[in-house]
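Biologist: Can you walk me through this model? Keep it plain, please.

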Amino acid sequence: MGEMAIDLRRRLAAPRAVPGPGRQEVVPPLVTPRLRLRPIRPADGDAVVELHGDPEVMRHLGTGRPVPPARVRHRDLPRLLADHGPLPLGYWAAEDRATDAFVGWFELRPMVTETIAAVELGYRLRRSAWGRGLATEGARVLVDAAFTGTDVDEVVATTLAVNAGSRRVMEKVGLTWRQTYMDDRTAPITGAEFGEVEYALARAEWRPRRPEAFHRRQPRRWPARRA
Ligand SMILES: CC(C)(COP(=O)(O)OP(=O)(O)OC[C@H]1O[C@@H](n2cnc3c(N)ncnc32)[C@H](O)[C@@H]1OP(=O)(O)O)[C@@H](O)C(=O)NCCC(=O)NCCS
């Protein structure tokens, strides 16, 4: 099958209504050693305006340029706040547990496919948070949440081929390259001529991580994995 056909088959599902008041308040956060992920909320508006307004953050996204504040408020924020399905689907604000500061967002969005149920993983962090392994940490907890909290068959992620940092995060959380394809929508971005890459992790290949304590109690020799 041609690359274009695969691309068209995997569209993101349209968001449903904006969640009712209070939904965000009752959700337990997803906690990692350094991050707290909680559903994004309207009060994150200023932080999102700043994030999407940073030219370095936006270099490989959208049109490759910073998004003006009014556009973030009227286009991006409503998308982030919309209902993308039952939790853990949706957009999660990431807070630094040491400072409570907003460091960016992570997303798990359902995809429309003909044959299987899939979710798309995404992330966007403030420049000040880069280079500390935080994207990997947040992405990992969402991959686990996708497979434990939904019945999806796979987690998918896409980025520009030249976005080395994002590709590396995908690899580190267990996704593998599946295809490179062209997408006209990213044409204005420098480097878009090298195409987009799609990475994926199937449920059958996902290895849930065991808690540290469990590791310590177990003998070193693990039974051989089935082929
Ligand atoms: C891409 C991004 C999420 C990476 O966040 P991060 O927290 O710095 O990533 P991590 O620290 O978890 O790094 C994961 C790996 O990627 C590597 N990496 C990170 N940024 C990189 C870059 N710009 N170039 C090459 N490698 C990079 C790290 O070295 C690390 O690999 P290693 O452990 O083998 O050394 C962050 O730079 C960002 O938000 N960028 C702007 C938005 C964006 O492009 N989002 C992705 C859209 S699909």
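Modeller: One term before we start: buried means under 20% relative accessible area, exposed means over 50%, and partly exposed is in between (1.4 Å probe, protein chains only). This is a predicted model, in which local features need pLDDT of at least 70 and side-chain atom pairs count only at pLDDT 80 or more, while totals for chains, interfaces and linings use all residues. Residues are numbered from 1 along each chain as its sequence is written, and side-chain values use heavy atoms, with hydrogens and water left out.

Biologist: Fine. Which residues of α5 are buried?

Modeller: Ser 166, Val 169 and Met 170 are the buried residues of α5. They fall within an arc of 100° seen down the helix axis, so they line one face of α5. The arc is taken from the directions from the helix axis to the C-beta atoms.

Biologist: Why one face?

Modeller: An α-helix has 3.6 residues a turn, so residues three or four places apart point the same way.

Biologist: And what covers the buried residues of α5?

Modeller: The cover includes β6, α4, β7 and β9 (196-202). Contact here means heavy atoms within 4.5 Å. Helices (H or I, at least four residues) and strands (E, at least two) are DSSP runs, numbered from the N terminus.

Biologist: How many helices and strands does the protein have?

Modeller: The protein has six helices and nine strands. Of its 227 residues, 46% are buried.

Biologist: New topic, the ligand. Which residues come nearest?

Modeller: Gly 131, Gly 133, Thr 136, Arg 168 and Lys 172 come nearest, out of 21 residues around the ligand. A residue is near if one of its heavy atoms lies within 4 Å.

Biologist: Which element gives the largest share of that shell?

Modeller: The largest share, six residues, comes from α5. At least two residues each come from β6 (118-125), α4 (134-149), β7 (154-160) and α5 (164-172).

Biologist: Last one: is Glu 137 buried or exposed?

Modeller: Glu 137, in helix α4, counts as buried because its relative accessibility is 14%. Not counting residues up to four places away in sequence, Glu 137 touches Thr 32, Pro 33, Arg 34 and Leu 35.
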